[in-house]
Amino acid sequence: HAKADGRGTYCFFRDEMARSVEARRILELDLRRALANDEFELYYQPLVNLKTGRITTCEALLRWNHPMRGTVSPIDIIPVAEEMGLIVDLGRWILRRACMECMRWPDGVSVAVNFSSQQFHQRDVIDEVHYALQASGLPAERLEIEITESSLMRNTQWTLDALQQLRSAGVRIALDDFGTGYSSLSYLHNFPLQKVKIDRSFLVGIETHRPLTLLRGVARLSAELGMSVVVEGVETNEQLELIGADGTVTEAQGYLFSRPVPASRIRELLTASHARRQDDGKSRLLPL
Ligand code: C2E
Ligand code: MG
Ligand code: MG
Ligand code: MG
């Protein structure tokens, strides 16, 4: 019996493995095909200035309209694209598309583009950014690049040079998901960053049990170092009131304002928010 069971188990695992290797191979082929077939799309989610209630920036978030699987999340795409090395081509497409789309928005609104660490460490990343700006006609001041702590940890001198070049070109750099990785506070003052995005994990439970101390501390430190501070993942009015109370947090982003929406929808939201801004100087926070 034991032998039969053993063999059964062995075969089971071998099949599973073969299946997952096969599934992975299919996914990789599928991703390459998707890029060639134009199956990717960018959704946009607004960042709202807490003082004025205006949309300052929209973050581009990748979606895959898969012919069989429907909409596929970036969580399932980006890591695989990174391992395959496809992220460089995909990232180039994302950057160019986001810059072109931003040109269709009201003048003051910027676009934020997520860069994976691999993409950021490409030798010609600066040329890629210049090219995307030139090809779209977007002023550098309207482009914000979001990088994570892991991008800062690798290859420090190179990273510093790249950030300085982007900065002198006028592009802004935001540190994304702050507080989820190694979160060395030294990053905040050793690198030329203009914005810190505090991860939404800091918000979970602040209405009830989680103390605000940590979030406030990180926010104040970032502000004192001259950076603007964004809190991600704001879902309730209570959370908004708590984070806005001491005036340190500059912007917020989250489902409370809007979920990520397709390009056509974000243009409608921006037009509406822009029109409202003209009839009353101090528009209230948008219930989008
Ligand atoms: P991220 O850059 O931190 O983007 C924010 C994520 O949080 C988005 O998920 C957004 O839909 C979600 N989110 C926003 N507000 C709320 C909220 O109030 N509650 C909750 N529960 N979630 C909220 P999404 O679009 O699934 O993207 C996930 C991650 O995938 C992104 O996290 C980013 O790391 C990565 N990603 C997305 N698009 C790109 C891209 O174009 N390039 C790269 N390299 N990475 C991307
Ligand atoms: Mg981001
Ligand atoms: Mg984020
Ligand atoms: Mg996040």
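1. The model is predicted. Around ligand 1, the shell is made up of ten nonpolar, five polar and seven charged residues. In total, 22 residues surround the ligand, and the closest are Arg 63, Asp 176, Asp 177, Glu 235 and Tyr 255.

2. Which elements supply the shell? Strand S2 (55-66), helix H2 (74-84) and strand S6 (172-178) each contribute at least two residues to the shell around ligand 1. Of the contributors, S2 gives the most, with four residues.

3. Glu 235 places a polar side-chain atom 2.5 Å from a ligand nitrogen. For Arg 200, a polar side-chain atom is 3.3 Å from a nitrogen of ligand 1. Ligand 1 on its own exposes 800 Å², of which the protein buries 84%.

4. As to location, ligand 1 takes up the space of the largest pocket.

5. What coordinates the magnesium ion that is ligand 2? The donors are Glu 59 (OE), Asn 114 (OD1), Glu 146 (OE) and Asp 176 (OD), at 2.0 to 2.2 Å. Along the sequence, the donor residues of this magnesium ion (ligand 2) follow the spacing E-x54-N-x31-E-x29-D. Distant parts of the chain are linked here: Glu 146 belongs to strand S5 (residues 143-147) and Asp 176 to strand S6, 30 residues apart.

6. The magnesium ion that is ligand 3 has Asp 176 (OD), Asp 177 (OD) and Glu 232 (OE) as its protein donors, at 1.8 to 2.6 Å. The spacing of these donor residues in sequence is D-D-x54-E. Here too, distant parts of the chain are linked: Asp 176 is in strand S6, while Glu 232 is in the loop between strand S8 (228-231) and helix H10 (237-244), 56 residues apart.

7. Which residue bridges the two magnesium ions, ligand 2 and ligand 3? Asp 176 does, and the ions lie 3.5 Å apart.

How values were computed: Residues numbered from 1 in each chain as written. Chains lettered and ligands numbered in written order. Predicted model: local features only at pLDDT ≥ 70, side-chain atom pairs only at ≥ 80, totals over all residues. Heavy atoms only, no water. Near = heavy atom within 4 Å. Polar contact = N/O pair within 3.5 Å; in protein donor to acceptor, adjacent residues only side chain to side chain. Areas by Shrake-Rupley, 256 points an atom, 1.4 Å probe, with all protein chains shown as cover. 1 Å grid on protein atoms, 1.4 Å probe; cavity = no way out; pocket = protein on both sides within 12 Å on 5 of 7 lines; lining within 4 Å. Sits in = over half its atoms within 2 Å of the grid points. Nonpolar A, V, L, I, M, F, W, Y, C, P; charged D, E, K, R; others polar. Donors = N, O, S within 2.8 Å, 3.2 Å for Na, K, Ca; no water.
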